[in-house]
Amino acid sequence: MNMQNTTAIPSYLSIESLGPWATYLTQIERVTPYLDKALLPWVETLIRPKRALIVDVPIRLDNGVIAHYEGYRVQHNLSRGPGKGGIRFHPEVTLSEVMALSAWMTIKNAVVNVPYGGAKGGIRVDPKKLSMPELERLTRRYASEINILIGPDRDIPAPDINTNEQVMAWIMDTFSMNQGRTATGVVTGKPVTLGGSLGRHDATGRGVFICTVEAARRIGLSIPGARVAVQGFGNVGEAAARLFADAGAKVVAIQDETGSIFNPNGFDVRRVHRHRIETGQLAGVPDAEAIDAEHFWACDVDILVAAALENQITEHNAPAIRARILAEGANGPTTPEADLILQDNKVLVVPDVLANAGGVTVSYFEWVQDISAFFWTEEEINSRLDRIMRDAFAAVWDAAQNKGILLRTAAFVLGCERVLMARKLRGLYP
Ligand code: NAD
């Protein structure tokens, strides 16, 4: 998108600070020619977040000092329902990043057809430097600051990087205290004892796995024996790696923020996970060769799962990637420049807005269960997740085949058209 004269840059962002929002704008620019012409008058709605809230989050540290952190909650689009999207605690969180993540939630929720708009939140903080009581105070103050936006029928947060079930429990409790009633449906990804859903922990990794199996089947790649590399070994990456290993694939390379390890015979993923929890690093896993990041990307694998952060696959490392399938467990891991290189090199990219939608799908199940106060078995959850992911994959795949476009473009066409149709039907107020 032409950054010089577009109206797509909100006045609160400078061109220099665009970051992931620029990636999103390029994606919308690439998809626009394929959208239903009748919806084009509404397309600008996709490049203008509905609301962006910036909050100051002051807390008293354990040593008595008052520290201030900057937090955000962005509701990108609410045309199809309440906002939905995670909360990230990370030292590099910016408004641009949260805006992009909220926009990807809008598209993702529409691709899997759950009745939500897109939202996202975050605090620029390194939570690893905070004690547990400090983290609780930070979370509760942030929850109070964004209280004006969230609610079970308004905007429903969930976990993202460095936030977990405990953080969701604190947000649920803070919101409930402010309301004077217990409101379990205000967040998803809660502990099961507080109205959380069975199957939520593995849901995103499971969705990545299901989409990759569907893609592999269509290009004649067998999962048993396939070699897999996984970047990011957290909630998403670990679950995906475990499911691939359980299905007979060989997880030969793993990278996280502490380093990269390689084993040509495939890792025992559960053992690596135990080692990571016990030692805090990947180094030292039995039978693992430590490799550098350059080698990680160039590994001779069939499937690469990107499940860490955005902007990991760029024009610098994309040429080295030899995988037949890249599954985007993370949000926005591939830059637009890298996308073109992967396309030239015939790497099939299963895009984030499809591949990692398993998490929000089971979050939707959790919200439905909370509202109806009736809880499902894990088998019911996994089988409904399986059906939704397979149907979404098939819809995106068929659209890509019919129109001769990439899976990312096809997923965006599907998602954007659903959002824009809702927008058009609702009309302009007043
Ligand atoms: P997490 O905090 O559990 O794990 C993040 C992982 O990435 C960790 O293993 C960390 O070591 C690794 N990492 C961080 N920086 C890295 C770097 N520079 N190089 C290599 N590895 C690095 O987070 P998560 O919930 O697994 O989320 C991972 C990605 O998946 C994010 O992009 C998130 O937005 C996306 N996502 C998560 C969910 C979910 O349900 N948790 C749903 C959809 C998308």
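This is a predicted model: local features need pLDDT of at least 70, side-chain atom pairs count only at pLDDT 80 or more; totals for chains, interfaces and linings use all residues.
Helices (H or I, at least four residues) and strands (E, at least two) are DSSP runs, numbered from the N terminus.

Residues are numbered from 1 along each chain as its sequence is written, and side-chain values use heavy atoms, with hydrogens and water left out.

I begin with the whole chain. There are 13 helices and 12 strands in the chain. Its radius of gyration, taken over C-alpha atoms, is 21 Å, close to the 22 Å that the globule rule gives for 430 residues, so the chain is as compact as a globular protein of that length. That rule is 2.2 Å times the number of residues to the power 0.38. Along the principal axes, the C-alpha atoms fill a box of roughly 55 × 55 × 45 Å.

Next, the helix pairs. Axes are lines fitted to C-alpha atoms, for helices over the stretch in contact, and angles run from 0 to 180 degrees between N-to-C directions. Angles under 35 degrees count as roughly parallel, over 145 as roughly antiparallel, 65 to 115 as roughly perpendicular and the rest as oblique.

The axes of helix 2 (residues 95-111) and helix 13 come within 8 Å and cross at roughly 90°; the two helices are therefore roughly perpendicular to each other. Contact means heavy atoms within 4.5 Å. In this contact, residues of helix 2 including Trp104 and Ile107 meet residues of helix 13, among them Phe412 and Leu414. The contact residues divide into 9 nonpolar, 2 polar and 1 charged. Here Ala, Val, Leu, Ile, Met, Phe, Trp, Tyr, Cys and Pro count as nonpolar, Asp, Glu, Lys and Arg as charged, and the others, Gly among them, as polar.

For helix 1 (residues 20-31) and helix 9 (residues 336-344), the axes come within 9 Å and cross at roughly 50°. Helix 1 and helix 9 are therefore oblique to each other. Thr23, Thr26 and Arg30 of helix 1 make the contact with Pro336, Asp339 and Leu340 of helix 9. By class, these residues are 2 nonpolar, 2 polar and 2 charged.

Finally, two details of the backbone. Most residues other than glycine have a negative phi, and most peptide bonds are trans. Asn113, in the loop between helix 2 and strand 4 (118-124), has a phi near 60°, a positive value in a residue other than glycine. The peptide bond from Tyr429 to Pro430 is cis, with omega near 0°, and Pro430 is found in the segment after helix 13. Thank you.
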